[in-house]
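Subject: Structure for your review

Dear colleague,

Please find below the sequence and structure that I am handing over to you. My findings follow directly after it.

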Amino acid sequence: MSSAVEDQIDFSKLKLQPLDAPPPPRYSEEQGIPDATANPKTNDDANYKHGPWLLKKTSVHVESTPSNVLDDNLSGHVSISTTRSDEKRPTRNLLSKIGRQPTSDKIHEDGISISDSHEASLFGTTVSIEAARPRKLPTKQREMKGLEQAASVKRWAGDGKPAEPWGKLIKDPELWDTSGDVLVYFGYQRPHASFRIRSAILEATNSEIIKGKLQDGFKGTSAAPSMYSSPPDAKNLHMDRKGQQSAPSNAGSTRLGTESLIRYEIHFPPPDEGSKTTVLRHHITTRNFFAFLLKKPLVGLTLYQALVDLQQRLQLYLPHENNCTNLLIDYVSDVHLHKVSNDPAAAAGLLAWSEDAEVRWRDGWREGFVHSCGMFSHSRNYHEFHDISHVSRTLLERSYLELEARIQEAEGRLSSFNFDDIWAGTEAQFHPSRVVFDQFRQFLESYYTKANKRWPPTPQGQSNGPWLTSDIIFQLQRDFAALYEYHVNREVVWSKTKDPEALYRDMVSKADGRPVEKSNGQDFSLTNLLYRFDKRHNFFHIPHPYPLLPEAAVINGETKQIKSKFYNSKAKALEKRTALAFSEASNATILDSAIVANGLTEAFVRYEKTDDLDDTSALCARKARWMLLYGILQVLATLSVDTPDLAFTEGVTYFLNPRLKGAPPWKADEEAGFEEASPKLSYCWEAPKVSWGKSDANP
């Protein structure tokens, strides 16, 4: 009704015919909110306190105001529209209660209309009553077990910041805009407002409930200057999947912050019946609705509870054409609430919400699952962990056990760099170069003991826990990738043939396809040893498996004879030739300085030039050391690659590469699963894909 008409008529003086029945029930948005703890098996009308019907809208339109209007009875047209044929009887009953008998039933495209009409004489009035079932909100199929032990309300600021206690329900500074013209109260009994919002933001939602509250809470037009440099446009609030709704900018506001700006006071009372927890959740969700509009941090008892309740409130408040799930996913992404690094409770909450039937957010599920698996020893002790479905918990436990097996196998190898099984089952295990292999292993132990003060390092947290963390793995990966680049021969590859039996049986020149190894009396087959090692442990073959070898072979006997007599100039010259041969058999002149300056690489170059080879040639010594390097790189590849497409991987010490077989749990047979972390994504496989040289060789 226009304000002009409202000023001219005193509705309290209108003499309406008495009604036999009490007035229709008052509709409020709270009556459409189902209790999250209610039994999901209850009937459809369980959430309606006034039977199956609620008044949706009542409108009165005054066409004229003759002088004798106060003495005549109102006449007009009363109509109630339904959208389903099974609602015909309740509609008739509703008309009967207000003293009207419908005269006709008319069929429309959108359902059945039951109406009653009579003529208007001196005063023409149209009274329209629409009755409909309130929107049926989804009922959670699982109880929120995490709420049972929730001690306090928490605030999630996003960006990986830890959850912190929150107690700003009385007045929230994050939702108090001094230029706002709407005061928001939690209930009619509250003496002070909790939020201050701009009405343009609320109107842009196109929410009938919010607009109704604004109309009911209108206090009058302010005489203060406009708080906007330009009128806010509802089009500025986007409600689509690609962009979370964004409020009009504050840039043009003058921020007067005076009471004269207040034009509306709206109230969000709690449900009439409910426990203290239910009332608290209602108030928290009201607060989170405004936080959603303004992209502010989320609060709640648990992250899962906060997201579920907010999703249901969005479905209640926003128009039907909005995809509330996608809008909430955008909000979570924009605020970075899915950055759950080092937060077991938040990771469990994200996982539980992402797998809900109405959500099924693949990226969120993967993020929550991978981080929950990495923190599984802690996550399973949190009550929020039980909000995760049984299927996902089973997948988590399986992936955790498999990941732990990989970690323990790597710890066993890397604690002493024990790769003796490379030699096992071949005649090469008795070759003199086996001594060089063992000496190189001792060099590595000594180097990392000096660098870390102890090797293996002391376990973090508990003395009997694992010592191998993702930080240590990445440190080792950098070191050994640099050493690999220093010595690898990128002109040698595994042979590729159509015969499966001959595949990967030879190392050949990339240029002409000829084998690079020829057996002789003093040498041993590097190809055979590495192939058997990979086959035994189901490793993928490293694409470039062969090192650069010294061109000039130093005669073993000559070395022993010279050293056995006396240390003279000839012995010094022999050592220089050996050092020169090793130096020339490297990529030092074409590598980036970061690789050459790597601590392990520098230490190894010094070690190799001064090592006593005894009965081994420089060529065999280089091959023996390469075997140990090859084995270490294969083990590192099993743990050094994170799950692809994770949003957040930095700042964690746990591993982010669990198996994702059977995930996500709702995946159909023909639907693609997640890409898993694979050794083929590690450095030795990825480096050859880029232009190898000074600008791209940094591991």
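The model is predicted: local features need pLDDT of at least 70, side-chain atom pairs count only at pLDDT 80 or more, and totals for chains, interfaces and linings use all residues. Residues are numbered from 1 along each chain as its sequence is written, and side-chain values use heavy atoms, with hydrogens and water left out.

Arg406 belongs to helix H11; helices (H or I, at least four residues) and strands (E, at least two) are DSSP runs, numbered from the N terminus. A polar atom of the Arg406 side chain lies 2.9 Å from the backbone oxygen of Thr638. This is a polar contact, a pair of N or O atoms within 3.5 Å; within protein, one must be able to donate a hydrogen and the other to accept it, and residues adjacent in sequence count only if both atoms are side-chain atoms. Apart from neighbours within four places in sequence, Arg406 is in contact with Thr638, Leu639, Asn657, Pro658 and Arg659, contact meaning heavy atoms within 4.5 Å. Between Arg406 and Leu639 there are 233 residues in sequence, yet their C-alpha atoms are 7.6 Å apart in space.

**Overall composition**

The protein has 20 helices and 14 strands. Of its 699 residues, 48% count as buried. Among contacts between residues at least 6 apart in sequence, 73% join residues at least 24 apart.

**Ser470**

Ser470 lies in helix H13, which covers residues 470-487. With a relative accessibility of 3%, Ser470 counts as buried. Its side chain reaches two backbone oxygens: that of Val652 at 3.1 Å and that of Tyr654 at 3.3 Å. Beyond neighbours within four places in sequence, the contacts of Ser470 are Val652, Thr653, Tyr654 and Phe655.

**Helix packing**

Two packed helices are described by the angle between their axes and the distance between the axes. Axes are lines fitted to C-alpha atoms, for helices over the stretch in contact, and angles run from 0 to 180 degrees between N-to-C directions.

The axes of H9 (residues 362-374) and H11 (residues 390-414) come within 9 Å and cross at roughly 50°. H9 and H11 are therefore oblique to each other; angles under 35 degrees count as roughly parallel, over 145 as roughly antiparallel, 65 to 115 as roughly perpendicular and the rest as oblique. H9 passes H11 in a right-handed crossing, the term for a near helix turned clockwise from the far one by less than a right angle, with anticlockwise being left-handed. On the H9 side, Trp365, Phe369, Ser372 and Cys373 meet Ser392, Leu395, Leu396, Ser399, Tyr400 and Leu403 of H11.

H6 and H7 pack with their axes 9 Å apart, at an angle of about 135°. Leu307, Leu310, Gln311, Leu314 and Gln315 of H6 make this contact with Cys324, Thr325, Leu328, Tyr331 and Val332 of H7.

**Covered helices**

In helix H8 (residues 344-354), 11 of its 11 residues are buried. The elements that cover them include strand S7 (154-156), H6 (303-317), H7 (324-335), H9, helix H10 (376-379) and H11.

Helix H19 is also mostly covered, with 19 of its 20 residues buried. At 1.5 Å a residue, H19 (residues 618-637) should span 28 Å, and its end C-alpha atoms are 28 Å apart, which agrees; the expected span is 1.5 Å times one less than the number of residues.

**Backbone geometry**

Most residues other than glycine have a negative phi, and most peptide bonds are trans. The bond from Trp455 to Pro456 is cis, with omega near -5°, and Pro456 is in the loop between H12 (433-452) and H13. The bond from Ala663 to Pro664 is likewise cis, with omega near -5°; Pro664 is in the loop between H19 and H20 (683-686).

Asn206 has a positive phi of about 60° and is partly exposed, at 42% relative accessible area. Phe417, in the loop between H11 and H12, has a phi near 55° and is buried, at 0%.

Yours sincerely

Methods. Buried < 20%, exposed > 50% of the residue type's maximum accessible area, 1.4 Å probe, protein only.
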